[in-house]
Amino acid sequence: MRELATFEERLSAWTTETMAELFSLDETAGNLGVTPTNNEKFGDYQCNAAMELARTLKTAPRQIAQDFIDKAIVPEFIEKMEIAGPGFINIFIRNAALAEYLESIEQDEHLGVPQAGEGKTVIIDYSSPNVAKPMHIGHIRSTVIGNAIDRIYRFLGYHVIADNHLGDWGTQFGLMMVGFRSFVDKHALAEAPVEELERVYVASYNKSKEDESWREEAKKELVKLQQGDEENLALWKQFIELSIEEFNIIYDRLGVKFDLYRGESFYNKQLPGIIQALEEKGLAKESDGALIVDLEEDGMPICIVRKSDGGYNYATTDLATVQSRMAEFQPERIVYVTDERQQLHFKQFFTIAGKLGMNANLVHVWFGLMRLPEATFSTREGNVIKLAQLLDDAEERALEMVKASSPEMPAEEQKELARAIGIGAIKYTDLSQNPQSLVTFTWEKALNMEGNSAPYLQYAFARISSVYDKYHVLYPETDLSDCSINIEHEIERRLAIKLGRFSAAVIAAASNYRPNILADYLYELSQIYSSFYQNVPFLKAEEGTRESRIRICRITASVLKQGLNLLGIETPDRI
RNA sequence: GCCCUGAUAGCUCAGCUGGAUAGAGCAACGGACUUCUAAUCCGUAGGUCUCAGGUUCGAAUCCUGAUCAGGGCGCCA
C-alpha cells in the first residue's frame, strides 16, 4: 500500500483481507471494504460486508460481524468498533491517529493525493470552438469542465496534453469567403474581429438562402480553398488568427491554457489514408454516392465517412486525429469533452477506430446543453449571451460587493479582487453541478455569490489566511510545525475527518470525469470550517490548543487552496 | 418509428460503485456582529425521491414498463 494511504484505503484492505481469511473467501465475494458513514453516530467508516456474506456463509449477519470483531487483529489506529442494525460494523478512528495523518499530509506536496498517473500521457480535447464565431455561454461548460479535468489529471501526476481542436475547416468557409469580400466592415473588423466575422457569415448565409448564384459562388470559393488557392488560403488563415487571438483573451480571463491548438485542418492530409484503410479492411461501402460505414451489427446507424461530393466528414477527421495522436504521443487515453448532442457521433467513431485497430482508449465526457429559461438559444434566434459579456457582468457584480465590504481598499486592488471573485463564481456554478444534468442558464444562478458558491469558499479561505497572519504577528517566535495537533472539540474532529478525505474526492472526480465531486467536497469542507471558525476560538484559545487549531487551519487552507486551484478558481488572501 | 439522457423540498441542485431517520443553497420564519472578516454562523419549517411493477436482508440508486421533458438518427460539426 502506498505510503500516505487514507483510513478508507487502509481499513478496506484490512477488512477485505481479514474477512477473506476468517471465512475462507475468494476475491469474488463482493465488496468487503469500508465506506465513509453518513452520520457521526455510526462512527467514521462502516463495513457492510456481513449482510452480503450472510447468504453464502449461511450465518446471521450480526453473528458474522461479531465473529469478525472477536477474531480480527485490530490495527492500533482504530478506537473501537460497534455492531449496529442488521449487521453494520461501525469503525471509529482514534483521535491521535487522525492527528498523525493530518501531520503527514501536511508534509506532502500533494496533500496525500497519490501520483497515480506517473509516466502516463492523457490527451484532453476540450473547448474546441468554431473559428469566426464568438464564444457564447454554451462554450463555457466544455472549457471550464475540460480545464478542471485537465488540472485534476495533472495533479495526479499524468502528463496531460490539452488540445484545443478548433473547428477551422468546413463548408462554412465558402460562405465566409464570399461574404467577407462583399460586405466586411473594416472598421468593425478592427474593433471586434470575431463579432464582425460572424456578422459577415450570418449575412452571407441569409443571402445564400435566397440567391442561388451566391450559393454557387460560395461553393466555388470553398473548392478553391480546399485546392490550396493562395489568396483564399491567406484569407482563411486570417480568420483563424483573428479568432484565436480573441479566444485567447477569454482563455486568459478564465485561466485556461492549452498545449496545442490543432484545428481540424491539421489532419487534412491524412484523410485519404483513413478512407483507404477503411476500404482495405472492407469496412466502408458506397451508398447513394457517399462512402459509409455500416454499423448495424453494433446497433448504430450508418456513419458517412465521405460525402457524395468527395468531401470528408467530421468522423473521418476525428479518426485521422486519433491516428495522429496515437503515433505522436502514445497516450494512455484520449478524453473528449463536448455537449450531449455528440454522443452518437463519438460512439460511432470510437467503434470504427476499434475496427481499424487503432488500439486507443477513447473516452467521451459529455455534458448537458445549456438552455435559457425561455428556450434553447441559437445564433439565428439572436438570443445568445456572449461569454465575454457574462464575464464582464460577473466581475462588475463582484466589484459592487467588494466596494461595499472593503471601501478602504485601493481601487486597483478592488478590481483585481472582483475579477478573481467574479470569474470564480461563474466557473463554480458550472463545476458544482453534475455535468450530465440539464442546465438552464439564469443570471441569478451564474452570478450567485452566497451560499453554495465560489465566493463562499474563497471567503472561508480568506478568513483562514487572516487568522494565520494574525497569529504570526502575535506569536512571531512560534514554529507551528513543532506544535502537536490535538483533536478535542467535536467540530475539530469533523474537520480532521473531512480533511483526510481530500484524496478520495480528487480520485473520484478524476475517474468519473466529474469535477462536481471535488466541488461538493470543498463546499462541505468549507461549511465545516466556517462552523469551526464561528463556534470555536483559536487566537484566544489557551496555549497548546491555540497552536493545534492554527495548525489545523493551516492544513485546511492548503487543501482549500489546492482544491480550488484544481477547479481553476483563485484564492485571494483577502476578500 | 428507433436510440441516448433526465424527472428528488416552493425554486436551483447534490446524493459515489445499492446501506441505517433522503441533503445543501435560495426563498420563508426566529436568533447571533463592543469578541479571530456577518459574502458568515445557530435554529425552525419544508419530501408519497414522476407513476406502476420487479430483483434484494435493504432501492432515490439496479431491471422492466408507462408518462412527461430534452437531445440524436446519410451527405452539419
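**Notebook: rings and cavities**

I looked up Tyr533 to begin, and this residue is partly exposed, with a relative accessible area of 28%. For my own reference, buried means under 20% relative accessible area, exposed over 50%, and partly exposed in between, using a 1.4 Å probe on protein chains only. Phe538 is buried, at 5%.

Before going on, I note that this is a predicted model, where local features need pLDDT of at least 70, side-chain atom pairs count only at pLDDT 80 or more, and totals for chains, interfaces and linings use all residues. Residues are numbered from 1 along each chain as its sequence is written, chains are lettered from A and ligands numbered from 1 in the order in which they are written, and side-chain values use heavy atoms, with hydrogens and water left out.

**Aromatic pairs**

How many aromatic pairs does a search of the whole structure find? I got 28. Rings of Phe, Tyr and Trp (its six-membered ring) pair if their centres lie within 6.5 Å; planes under 30 degrees apart count as stacked, over 60 as edge-to-face and the rest as tilted.

I picked Phe7 and Phe77, whose ring centres are 5.5 Å apart with planes at 50°, so this pair is tilted. The pair joins distant parts of the chain, 70 residues apart: Phe7 is in helix H1 (residues 7-22), while Phe77 is in the loop between helix H3 (61-71) and strand E3 (78-84). Helices (H or I, at least four residues) and strands (E, at least two) are DSSP runs, numbered from the N terminus. Both Phe7 and Phe77 are buried.

Back to Tyr533 and Phe538: their ring centres are 5.8 Å apart and the planes stand at 65°, so I logged the pair as edge-to-face. I also found a cluster in which ring pairs link Tyr126, Tyr251, Phe258 and Tyr261.

**Charges over rings**

Phe77 came up again, as the charged end of Arg10 sits over its ring, 5.0 Å from the centre. The test asks for NZ of Lys or CZ of Arg within 6 Å of the ring centre and within 35 degrees of the ring normal. Lys269 lies over the face of Phe266, at 5.9 Å from the ring centre.

**The largest cavity**

Last, I checked the lining of the largest cavity, where lining residues have an atom within 4 Å of a point on a 1 Å grid. Of its 13 lining residues, the closest to the centre are Met370, Thr429, Asp430, Phe441 and Ala446. Helix H15 (411-431) is one of the elements that supply at least two lining residues, and H15 gives the most, with 3.

Definitions and conventions
1 Å grid on protein atoms, 1.4 Å probe; cavity = no way out; pocket = protein on both sides within 12 Å on 5 of 7 lines; lining within 4 Å.
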